[in-house]
Amino acid sequence: MGVFVSTDDPGPAGHEQVVFCQDRQSGLKAIIGIYSTALGPALGGTRFYPYASEEAALADVLDLSRGMAYKNALAGLDLGGGKAVIWGDPDQVKSEALLRAYGRFVQSLGGRYYTACDVGTYVADMDVIARETRYVTGRSVEHGGAGDSSVLTAWGVFQGMRAAAEHVWGSPSLRGRRVGVAGLGKVGRHLTGHLVDDGAEVVATDVDPRALEWARTNHPGVALVADTAALVAADIDVYAPCALGGALNDDTVPALRARVVAGAANNQLAHPGIEKLLADRGILYAPDYVVNAGGVIQVADEIEGFNFDRAKLRATRIFDTTRQILRLAGEEGVPPAVAADRLAERRMADVGRLRAIHLG
Ligand SMILES: NC(=O)c1ccc[n+]([C@@H]2O[C@H](COP(=O)([O-])OP(=O)(O)OC[C@H]3O[C@@H](n4cnc5c(N)ncnc54)[C@H](O)[C@@H]3O)[C@@H](O)[C@H]2O)c1
């Protein structure tokens, strides 16, 4: 049985709608947060995670769905922002019945929310969910999906980094720049390839010995350091956090030697105020949700019928968006993170307003 709760008025944290989904037999407990549909249907992944409490799951989904609205707005997509969480340990409770029950809740929203992969959900899960709903992206290539989204995430990060380099050094080329990559996972590996191709000197770290082995085998010129603390303190020009959130915090920012930060990790700023600390130290921060939008651009393209070249072209425009944000930040005398938020809010307001024009 499902429990369906929706709000017509702006709900918690300014959300349009928050839907609680439950199916006792399969063990499904999920929350879908729709922050905004001003630009189109809300798109954002489903996180499957063993939250400590329902409050923690709700807080996460509200935070994440709001973030997706801003990311999708600045990615130039005709999509709003939403996100979902399934509360539980995927290793213990994930099943066909649970995923399909979840898919029916997604379908019940009639296209107001499109889902995709996130922590704890994979392309194969999207294929199962798609048996109950057509509002799914991030599907397998066999089903017309975009496949691994880290390909264009890395490409977009590289473009954002080039725009930041141009802003600081006058040229977008990273040739001869020392770039520190923290996390040689899916995105970090592709990014390393782009940097090496561009002539950058890469310094990297990862906690997983297999990732280090990958670097030794594929890019023997990459210098490896013991941990992120060593990377942050190293003589680098650019810092690219590509592991976990909170990479920019009260410990790392004072120690950071780089002039530019541009990386894939979500939620890099550990708390409000860090963006100002970065600016005070003369470090240019290319906002995470701007430069890492290549992945959502890749999966969003599936809605039109996936075309890699078209998606790559869109991800390449992250260069222009980052450049625009950095200029706006300079003009308005605010950190780039604040300028990015303002630009996203402007697009949501300016374009969202047009819905009031009656189409007959
Ligand atoms: N994959 C995408 O399309 C995408 C899109 C947008 C944002 N992101 C974000 O980018 C980041 C990387 O994503 P991914 O898909 O490459 O993930 P991943 O899990 O493939 O890679 C993460 C890597 O970071 C390493 N790592 C973890 N903790 C570390 C630490 N303390 N120090 C150094 N290395 C550490 C892991 O060993 C792993 O190799 C994540 O924050 C993710 O949320 C990814």
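Trainee: What makes K276 and D280 a salt bridge?
Mentor: The closest N and O atoms of K276 and D280 are 3.0 Å apart. A salt bridge is a side-chain nitrogen of Lys or Arg within 4 Å of a carboxyl oxygen of Asp or Glu, so K276 and D280 qualify. This is a predicted model: local features need pLDDT of at least 70, side-chain atom pairs count only at pLDDT 80 or more, and totals for chains, interfaces and linings use all residues. Residues are numbered from 1 along each chain as its sequence is written, and side-chain values use heavy atoms, without hydrogens and water.

Trainee: Why is D280 called exposed, and K276 partly exposed?
Mentor: Buried means under 20% relative accessible area, exposed over 50%, and partly exposed in between (1.4 Å probe, protein chains only). D280 has 56% and therefore counts as exposed, whereas K276, with 48%, is partly exposed.

Trainee: Why is E132 called buried?
Mentor: The relative accessibility of E132 is 18%, so E132 counts as buried. R100, the salt-bridge partner of E132 at 2.7 Å between the closest N and O atoms, has 21% and is therefore partly exposed.

Trainee: How do you know that D206 has no salt bridge?
Mentor: The nearest side chain of opposite charge, R189, is 6.2 Å from D206; the cut-off is 4 Å. Lys and Arg count as positive, Asp and Glu as negative, while His and the chain ends are not counted. D206 is also buried. The side chain of D206 reaches the backbone nitrogen of L184 at 2.7 Å.

Trainee: What makes S149 one of the residues that come nearest to the ligand?
Mentor: A polar side-chain atom of S149 lies 2.8 Å from an oxygen atom of the ligand. A residue is near a molecule or strand if one of its heavy atoms lies within 4 Å of it. There are 19 residues around the ligand, and S149, T153, V187, D206 and A243 come nearest.

Terms used: A polar contact is a pair of N or O atoms within 3.5 Å; within protein, one must be able to donate a hydrogen and the other to accept it, and residues adjacent in sequence count only if both atoms are side-chain atoms.
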